[in-house]
Amino acid sequence: MRFYVVDDNLAVAATVKHLLEKVGHEVTVSPGGRIALEHIKSVKPDVIVLDIMMPELGGLDFCRLLRKAPDLKQMKIVILSGKANQEVFDQAMALGANGCLRKPIDPAHFIEHIQNIVGV
């Protein structure tokens with residue numbers, strides 16, 4: 001599968017990338033913003049792992065914009081956040097996210113959680 005990780009925390013993005021690549025997935029990473037949104041439109045990954053708290057374009061707005069684009073509606077979206085509470089995760093799910101995970105990620109169980117959310 002092709003994953004696209006959008007997170008302004010480069011250490012988290014690198015960890016997610018490493019874990020996904022270790023099990024054979026193709027991974028692109030972006031620190032966020034509108035450039036990532038445009039790149040996603042051209043790359044069309046299968047799954048987007050998206051941080052909630054980012055400068056310029058937050059994860060909820062990012063999710064909303066992805067779900068409005070007709071050619072991107074089938075993409076799976078996994079929200080990743082260390083600061084969001086259940087209300088924010090519920091809002092993300094209402095906007096079309098397929099699942100939410102909390103930071104810090106647990107490397108021992110991250111792939112299992114991703115697989116449960118996206119069905120791989």
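Visitor: Where is the place of Pro 104?
Guide: Pro 104 is in the loop between strand E5 (99-102) and helix H5 (110-118). Helices (H or I, at least four residues) and strands (E, at least two) are DSSP runs, numbered from the N terminus. This is a predicted model, where local features need pLDDT of at least 70 and side-chain atom pairs count only at pLDDT 80 or more, while totals for chains, interfaces and linings use all residues. Residues are numbered from 1 along each chain as its sequence is written, and side-chain values use heavy atoms, with hydrogens and water left out.

Visitor: What joins Lys 103 and Pro 104?
Guide: A cis peptide bond, with omega about -5°. Most peptide bonds are trans, and most residues other than glycine have a negative phi.

Visitor: Which way does phi go at Lys 44, positive or negative?
Guide: Positive, near 50°, and Lys 44 is not a glycine. Lys 44 sits in the loop between helix H2 (34-43) and E3. Its relative accessibility is 36%, so Lys 44 counts as partly exposed. The cut-offs: buried is under 20% relative accessible area, exposed is over 50%, and partly exposed is in between (1.4 Å probe, protein chains only).

Visitor: And what is phi of Glu 56?
Guide: Near 75°, again a positive value in a residue other than glycine. Glu 56 lies in the loop between E3 and H3. At 62% relative accessibility, Glu 56 counts as exposed.

Visitor: Switching to strands. Why is E3 largely enclosed by the rest of the structure?
Guide: Because five of the five residues of E3 (residues 47-51) are buried.

Visitor: Which residues point which way from E3?
Guide: Val 47, Val 49 and Asp 51 point one way, and Ile 48 and Leu 50 point the other. In a regular strand the side chains alternate between the two faces of the sheet.

Visitor: How many bridges does E3 make with E1?
Guide: Four, and E3 pairs with strand E1 (residues 2-6) in the parallel sense. Two strands pair if DSSP finds at least two bridges between them. Val 6 stands opposite Leu 50 in E3.

Visitor: How many bridges join E3 to E4?
Guide: Five, and E3 runs parallel to strand E4 (residues 76-81). Val 47 is opposite Lys 76 in E4. From E3 the chain crosses through helix H3 (residues 59-68) to E4, a right-handed β-α-β crossover. Right-handed means that, with the strands pointing away from the viewer, the path from the first strand over the helix to the second runs clockwise.

Visitor: Now H1. Which residues are buried there?
Guide: Val 12, Ala 13, Val 16, Leu 19 and Leu 20. They cover an arc of only 135° around the axis, which puts them on the same side of H1. The arc is that of the directions from the helix axis to the C-beta atoms.

Visitor: What covers them?
Guide: The cover includes E1, strand E2 (26-30), E3, E4 and H5. The face turned away from the buried side of H1 carries the exposed Leu 10, Ala 11 and Lys 22.

Visitor: Last one. Is Ser 30 buried or exposed?
Guide: Buried, with a relative accessible area of 7%. Ser 30 is found in strand E2. Leaving aside neighbours within four places in sequence, Ser 30 is in contact (heavy atoms within 4.5 Å) with Tyr 4, Val 5, Val 6, Asp 7 and Ala 36.
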